[in-house]
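Me: I have a structure here that is new to me. Can you walk me through it?

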Amino acid sequence: MDNPLSPKFLMEEALKSILPAQLPKVGELVEGTALGKEGSYLYVDLGAFGTGVVYGKEYYDAQDLIKGVNIGDKISAKVTELQNDDGYVELSLKEAGQEMVWDEIRKLKESGEVVSVKVTEVNRGGLMAQIKGVPAFMPVSQLSVKNYPRVEGGDKSKILQELNKFIGKNMNVKVLDADPREMKLIISEREVQDEALKSILINFKVGDIVDGEVSGVVDFGAFVKIGVSDSTPTEGAPQLEGLVHISELDWQLIENPRQVVKVGDKIQAKIIGIEGDKISLSMKALKKDPWDEIEDTYKAGQAVKGKVVKLNPFGAFIKLDDNIQGLCHISEFESEDQMKENLEVGKSYSFNIQLINKAEHRMALGFGKAKSSKEKEVSEKKEEEK
């Protein structure tokens, strides 16, 4: 018969008086009061659940925390075994601490609270930091407009060089994703910026003309800081930035945006779209549309001279003057090879205007035997259907 004063007997008697639904389960967090330390054992009063103990590996893993525990201190712990051979509830302080930390991180995510983190290291994909001792990762895509690396061609080694300057610096971020099972914690500086930009964006609408400064030039267009003045911006203030797509730089065909703008240029542009925090800008919208008066200069059936500016599988782009370009469709030739034999980029040739579509800014040019507008449209339609 068990000793009526043994911990095991007392535990069993205590458990009998507790409804099954009230019993803690392995893996649950429980609260108790520190009873004392003996060697590598920490005893915890769990009230109706009896006495808990932290020992062995669990004691070793949490010894830094246990050093600061005094008799009477409140303790949160995780149940690892409901009743061991000695009648104690086995506990883990380390696992309880981790669970509580992840619970705090989850609350940060749900509340959207802004937290300050220090960048500890970087890799080609982004930045590393910590929140409450948990490693956190910020993908490059989650950097703010101000800190996003502008690297030609997306060269990863150059991106890494740009990111290295953030090591040791503090950043305000939000928790974007938190998964304790996979130990995944994703943070975002952009989310903080987006929140701040909302109050600024309400002052802008589609159709507004804005002043700006070119902050980056890439193959598909130019990034522009909006509302830039000669005064120095407030440190940490959010910066609006829009994109002028290559097709919105000018009315004429632009092959390389760098031929039109460069970083540091002060420009004016028209807002043609606002979607979330993305602002689409147009420089050509502020320029006179050369196609408005095209019929004063060019007419269908007219013979013209033009310079070849680009050869594509579907035809050749021909520059007639500084503002107007037409397309000599591939159907004007037996093959792409024949087109390249007859036309050379940079050289001028004679063409005939087959049709002008003022609304779509489209001019079809013939090379050699002229085709009617009807024949040209049928030919192009067949080509598009291939």
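What follows is a short chat about this chain, from the overall make-up down to a single residue.

Me: What kind of model is this?
Reply: This is a predicted model.

Me: OK. How many helices and strands does the chain have?
Reply: There are eight helices and 21 strands in the chain.

Me: And how much of the chain is buried?
Reply: The chain has 386 residues, and buried residues make up 39% of them. Its accessible surface comes to about 22200 Å², and carbon and sulfur atoms hold 49% of that surface.

Me: What share of the contacts link residues 24 or more positions apart?
Reply: Counting contacts with a separation of 6 or more, 58% are between residues 24 or more positions apart.

Me: Now the inside. Which residues in the largest nonpolar core touch the most other members?
Reply: That core has 24 residues, and the ones touching the most other members are Ile-105, Leu-127, Ile-131, Leu-163, Met-171, Leu-185 and Ile-187. Elements that give two or more residues to the core are α4 (93-111), β6 (115-118), β8 (126-131), β9 (134-139), α5 (156-163), β10 (170-179) and β11 (184-188).

Me: Which element gives the largest share?
Reply: That is α4, with four residues.

Me: Pick Ile-131. What does it touch?
Reply: Leaving aside residues up to four places away in sequence, Ile-131 touches Ile-105, Leu-108, Val-115, Val-117, Val-175, Leu-185 and Ile-187.

Me: Different topic. Which strands close into a barrel?
Reply: Five strands do, in the order β1-β2-β3-β5-β4, with mixed pairing. On average, neighbouring strands of this sheet are turned by 55° against each other, direction ignored.

Me: What packs on that sheet?
Reply: Helix α4 does, touching β1, β2 (41-45), β3 (51-55), β4 and β5 (89-92). The direction of α4 makes about 110° with that of β4.

Me: Do β1 and β4 run parallel or antiparallel?
Reply: Antiparallel: strand β1 (residues 29-38) is joined to strand β4 (residues 74-81) by five bridges. In this pair, Val-30 stands opposite Ala-77 in β4.

Me: Last one, His-329. Where is it?
Reply: His-329 lies in strand β19, which covers residues 325-329.

Me: Why does His-329 count as buried?
Reply: His-329 counts as buried because its relative accessibility is 5%, and the cut-off for buried is under 20%.

Me: Which side chain does His-329 have a polar contact with?
Reply: The side chain of Ser-331, in a polar contact of 2.9 Å.

Note on methods: Residues are numbered from 1 along each chain as its sequence is written. This is a predicted model: local features need pLDDT of at least 70, side-chain atom pairs count only at pLDDT 80 or more; totals for chains, interfaces and linings use all residues. Side-chain values use heavy atoms; hydrogens and water are left out. Buried means under 20% relative accessible area, exposed over 50%, partly exposed in between (1.4 Å probe, protein chains only). A polar contact is a pair of N or O atoms within 3.5 Å; within protein, one must be able to donate a hydrogen and the other to accept it, and residues adjacent in sequence count only if both atoms are side-chain atoms. Contact means heavy atoms within 4.5 Å. Accessible areas come from the Shrake-Rupley method with a 1.4 Å probe; for residues, only the protein chains shown count as cover. A nonpolar core is a set of buried Ala, Val, Leu, Ile, Met, Phe, Trp, Tyr and Cys residues joined through side-chain atoms within 4.5 Å. Two strands pair if DSSP finds at least two bridges between them. Axes are lines fitted to C-alpha atoms, for helices over the stretch in contact, and angles run from 0 to 180 degrees between N-to-C directions.
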